[in-house]
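Have the structure open as you read.

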Amino acid sequence: MVATSTIVMMGICALVGIVVPVLLAIWLIKKYNVNPVTIIIGAGVFIVFALLLESLMHQIVLKGPAGTTIMGNTLYYALYGGLAAGVFEETGRFVAMKWLLRGRASKALTGIAYGLGHGGIEMLLLFGVSMLSNMVISIMMNGGHLDLLLAGVPDDAKGLAYAQFEQLGSMTTGTLLIRSHPAGGTVTPRLEGRSRRRSLGPPLPARDSGSRPGRCHRRGRFPIRRNARG
């Protein structure tokens, strides 16, 4: 059984993870006249390079001859994970800035909009959707519908699924808050057997303080213009 307060907190986290990136994108587009395509490119690069290509490499490497050695050594696993994320995400950024955003890559708004797309879709998919999945599974567990959750799970994977259900049932509101940020991840049972990487996204755009430009803007360090197209 999962506590009702924990399920409510999962719903709040899911709402935040899904709504905040969307609202930030709308705010950036309306307030600074940012080109929505820039945000879409940032999101698309993350999906292609991090979720698809990087995950494909993980399937090949970690299930290959070297997989046991890498996963059995914390240092090797940390180095492999860090290098894989760096290579794929930085390559994606290079491709986007070099070709997809040619002529606009040097603008401050372009970097902010691209970062919002990249980090926003990561927050939405790996945090918001994961929390929503946690909430649905918890409700089904409390309703005694585990048989529906396990209907398509192979017999040799059911032991892992039950262990994940137990982990989900042991969560409290406090541990959920600690574990639910992007760096910590969530405890969504992955019945399909695919791993999901989680990493910190790029910083979100700073909030405008009003009609007066900020200190950095007055000094000319971040020349953001309201009518510029990102």
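How many residues does helix 7 have, and how far does it reach from its first C-alpha to its last? Helix 7 (residues 158-169) has 12 residues and reaches 16 Å, close to the 16 Å expected at 1.5 Å a residue (the expected span being 1.5 Å times one less than the number of residues). Helices here are DSSP runs of H or I with at least four residues, numbered from the N terminus. Keep in mind that this is a predicted model, where local features need pLDDT of at least 70, side-chain atom pairs count only at pLDDT 80 or more, and totals for chains, interfaces and linings use all residues. Residues are numbered from 1 along each chain as its sequence is written, and side-chain values use heavy atoms, leaving out hydrogens and water.

Ala161, Gln164, Phe165 and Leu168 are buried in helix 7 (under 20% relative accessible area, with exposed over 50% and partly exposed in between, for a 1.4 Å probe and protein chains only). These four cover an arc of only 105° around the axis, so they sit on the same side of helix 7; the arc is taken from the directions from the helix axis to the C-beta atoms. On the other side, Gly159, Leu160 and Glu166 are exposed. The cover over the buried residues includes helix 1 (4-32), helix 5 (108-142) and helix 6 (146-149), with contact meaning heavy atoms within 4.5 Å.

Phenylalanine 165 also brings us to the rings. Tyrosine 162 and phenylalanine 165 both lie in helix 7, 3 residues apart. Their ring centres are 6.3 Å apart and their planes at 85°, so the pair is edge-to-face (centres within 6.5 Å for a pair of Phe, Tyr or Trp rings, using the six-membered ring of Trp; planes over 60 degrees apart for edge-to-face, under 30 for stacked, the rest tilted). Tyrosine 162 is partly exposed at 40% relative accessible area, whereas phenylalanine 165 is buried at 3%.

Conventions. Helices (H or I, at least four residues) and strands (E, at least two) are DSSP runs, numbered from the N terminus.
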